[in-house]
Amino acid sequence: MKSAIFSSAIAIFATLATALPTETANNLVPRDHVKQVINSSAVVNIREDTPDTALGVSGRGTVSRTDGKHNFQALVKFDIPDGLTGSKCQLAFAYPSLFDGTSQIQVFSIGDANIENATFNKRPFRDQFKGTFHVGWGEATVVDGSGLTFDCPVKGAKAYEVVSVGDNNDVIWDAPWGGLRVNVL
Ligand SMILES: *[C@@H]1O[C@H](CO)[C@@H](O)[C@H](O)[C@H]1NC(C)=O
Ligand SMILES: *[C@@H]1O[C@H](CO)[C@@H](O)[C@H](O)[C@H]1NC(C)=O
């Protein structure tokens, strides 16, 4: 039953995805120029209201903020395969399961990919701003793509932090088929 609901949800998303233009932002590379897609390998949510509790690896990424607090943030890990040196990588976001409020998220690289036991108070330091997305059905629009394209990292794990922009905002995705991904260009 559950899997029937899940696959019909996927079918709906697939229909929506084909009905919509594949790219909504002019600073994202068209999908047919993408050589390889790297889906996330782990998502860990951290919650401001339970700042010392490790919520662990989840199948669902949750980013939200209510009244300037009650933040949920998501740490997202990718296992970068061998042989990508010399290629460009680009962060992209698609197929949320829910979004409302500002529907905007910001992505930062973080200093360590060991995210499994992270809590709101104890987590890898925030490294560099990567970009801002406006989330909608299908492919998210890029609001600020200044750091989204970069030289592909060497083989190994790389992790990012996803946070809410503005207040009274929710963006939720089912990983790894939705949410943040890395396109190899
Ligand atoms: C997370 O905590 C468990 C239990 O203490 C430990 O075995 C594991 O190595 C930790 N993982 C990381 C990535 O720190
Ligand atoms: C990555 O996720 C997409 C759906 O967004 C899926 O079509 C694709 O098969 C996945 N790739 C891998 C390598 O799991």
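1. Arg-123 is partly exposed, with a relative accessible area of 26%, whereas Glu-161 is buried at 2%. Here buried means under 20% relative accessible area, exposed means over 50%, and partly exposed lies in between, with a 1.4 Å probe and protein chains only. Accessible areas come from the Shrake-Rupley method with that 1.4 Å probe, and for residues only the protein chains shown count as cover. Arg-123 and Glu-161 form a salt bridge whose closest N and O atoms are 3.2 Å apart; the term denotes a side-chain nitrogen of Lys or Arg within 4 Å of a carboxyl oxygen of Asp or Glu. The pair links distant parts of the chain, 38 residues apart: Arg-123 is in the loop between β8 and β9 (126-134), and Glu-161 is in strand β12. Strands are DSSP runs (E, at least two residues), numbered from the N terminus.

2. On the basis of the note: this is a predicted model, in which local features need pLDDT of at least 70 and side-chain atom pairs count only at pLDDT 80 or more, while totals for chains, interfaces and linings use all residues. Residues are numbered from 1 along each chain as its sequence is written, chains are lettered from A and ligands numbered from 1 in the order in which they are written, and side-chain values use heavy atoms, with hydrogens and water left out.

3. The whole structure contains six salt bridges. Arg-181 and Glu-139 meet through their side chains in one of them (3.1 Å, N to O). Arg-181 lies in strand β14 and Glu-139 in the loop between β9 and β10 (141-144), so the pair ties together parts that are 42 residues apart in sequence. Both Arg-181 and Glu-139 are buried. Salt bridges that share partners also join Arg-123, Arg-126 and Glu-161 into one network.

4. A further salt bridge connects the side chains of Arg-60 and Asp-174 (3.1 Å, N to O). Arg-60 belongs to strand β4 (residues 60-66) and Asp-174 to strand β13, 114 residues apart. Arg-60 is partly exposed, at a relative accessible area of 40%, while Asp-174 counts as buried at 15%.

5. Strand β14 deserves attention. Six of its six residues are buried, so β14 is largely enclosed by the rest of the structure. Strand β1 (residues 36-39) pairs with β14 in the antiparallel sense over four bridges, with Val-37 partnered by Asn-183 of β14. β6 and β14 also run antiparallel, joined by six bridges, and Phe-93 stands opposite Leu-180 in β14. Pairing requires that DSSP finds at least two bridges between two strands.

6. β4 and β5 form a hairpin with two residues between them, where Asp-67 in the turn has a positive phi of about 50 degrees. With β12, β5 pairs in the antiparallel sense over seven bridges; there Leu-75 is partnered by Glu-161.

7. Two ligand sites remain. An oxygen atom of ligand 2 lies 2.5 Å from a polar side-chain atom of Asn-39, and an oxygen atom of the ligand is 2.7 Å from a polar backbone atom of Trp-177. The protein covers 36% of the 370 Å² of accessible area that ligand 2 has on its own. Around ligand 1 are Asn-114, Glu-116 and Asn-117. An N or O atom in the side chain of Asn-117 is 2.3 Å from an oxygen atom of ligand 1. Ligand 1 exposes 360 Å² when taken alone, of which the protein buries 30%.

Definitions and conventions:
Polar contact = N/O pair within 3.5 Å; in protein donor to acceptor, adjacent residues only side chain to side chain. Near = heavy atom within 4 Å.
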